[in-house]
Amino acid sequence: MAGKIIADTLEHSTAGSIATNYVVEGSAKVWANVNASGTPATQDSNNLSSITDTSAGVTTFTFTNGMNDANYASYGTVRRTDDSNGNPYLTGYHLPTTTTVRFTIIDFNGTETDSGYISMSILGDLA
Amino acid sequence: MQTPDFKGTHLFDRLCWAKENLEGVQSDYRVVYEDSVDECAKILVPDPNWMACALQGGILPPVWVYHELAKDEAQPDFKKHTRGYLLHQTEPVPAMTEEEAIEYLIMKDCPQSVWTNWDSGNKPKMVICKKQQLPQTREWRNSWRISDELAA
């Protein structure tokens, strides 16, 4: 690919320098914003091949470029469609493999429930 | 837009190029499948940026690469991938039609037990449909099964 720069360090004129491995290691390898109301659909993403509406409140994310192992860090938040200040939802992640992660959304009663939007990201090493 | 010659380029770099240069394609196709008698039907939804890559060609690796990596991961002593180079160094696949892309995606993202014998039981375990054919509300979501009407 054209425009390739090989560098171990980036240096600012006054603010100091940073090793480029901080950038490589610290950037999200997968991210997505999903409209999970009705028939779910991805609104925007990177490195995702599909989402699976697994059951009520459960969504599985599958990556295009898988991770090197299943010990990556995954993050997710949810929001209601109407932006109301009702019961907040909590997310849990399950069954991580190098190519998929499953998010479960529950309400304060512990019931799996659908949300309006899900945003998620993955940090770690790519395969 | 012509895809650059990506032979040997890291797959993530190819995806980043696609993200910057291709418009996402929101497919109307959905794949409904049942992989457990105890669970409701699952609905696979293609990612728009992935679909753009599939239609463009020259970006995605052949699907057998994913199967090889899945075999490695299924080993009991698996710790991390040692053949990730297959994703990056295998010649990317040419442009697909939307229907071909869905077939590729089924073989990549659905359980192999579903797509290898999807029509061998009393009723199909998998159906490709349009999203308009799915229920428009989430009522009784955990009881959804592939109906005769959808299977037809």
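Okay, one definition before we start: a helix crossing is called left-handed if the near helix is turned anticlockwise from the far one by less than a right angle, and right-handed if clockwise. What we have here is a predicted model, where local features need pLDDT of at least 70, side-chain atom pairs count only at pLDDT 80 or more, and totals for chains, interfaces and linings use all residues. Residues are numbered from 1 along each chain as its sequence is written, and chains are lettered from A, with ligands numbered from 1, in the order in which they are written.

Let's start with chain B. It has seven helices and three strands; those are DSSP runs numbered from the N terminus, H or I of at least four residues for helices and E of at least two for strands. Going from the N terminus, the order is α-β-β-α-α-α-α-α-β-α. The C-alpha atoms fill a box of roughly 45 × 40 × 25 Å along the principal axes. Out of 152 residues, 30% count as buried, and buried means 20 or more other C-beta atoms within 10 Å of a residue's own, with exposed at 12 or fewer, partly exposed in between, and the C-beta atoms placed from the backbone.

Now, the helix I'd like you to look at is H2(B), residues 48-56. Why is it largely enclosed by the rest of the structure? Because seven of its nine residues are buried. Among them are Trp50(B), Met51(B) and Cys53(B). What do these buried residues pack against? On the chain B side, helix H1 (11-21), strand S2 (42-46) and H5, and from chain A, S4 and strand S5 (48-55). Just after the helix, Gly57(B) takes a positive phi of about 85°.

So, back to that crossing. The axes of H2(B) and H5(B), residues 98-109, come within 9 Å and cross at roughly 120°; axes are lines fitted to C-alpha atoms, for helices over the stretch in contact, and angles run from 0 to 180 degrees between N-to-C directions. The crossing is right-handed. H2(B) brings Met51(B), Ala54(B) and Leu55(B), and H5(B) brings Glu98(B), Ala101(B) and Tyr104(B), contact meaning C-beta atoms, placed from the backbone, within 7 Å. By class that's five nonpolar, no polar and one charged. For the classes, Ala, Val, Leu, Ile, Met, Phe, Trp, Tyr, Cys and Pro are nonpolar, Asp, Glu, Lys and Arg are charged, and the others, Gly among them, are polar.

On to where the chains meet. Chain A puts in 29 residues and chain B 35. On the chain A side, S5(A) gives the largest share, eight residues. That side has eight nonpolar, 18 polar and three charged residues.

Four strands form an open antiparallel sheet, ordered S4-S3-S10-S7. Its edge strands are S4 (41-46) and S7 (73-79), each pairing on one side only. Neighbouring strands are turned by 10° against each other on average, direction ignored. Seven bridges join S7(A) to S10(A), and Ala73(A) has Leu123(A) as its bridge partner.

Key: Contact = placed C-beta atoms within 7 Å. Pairing = 2+ DSSP bridges.
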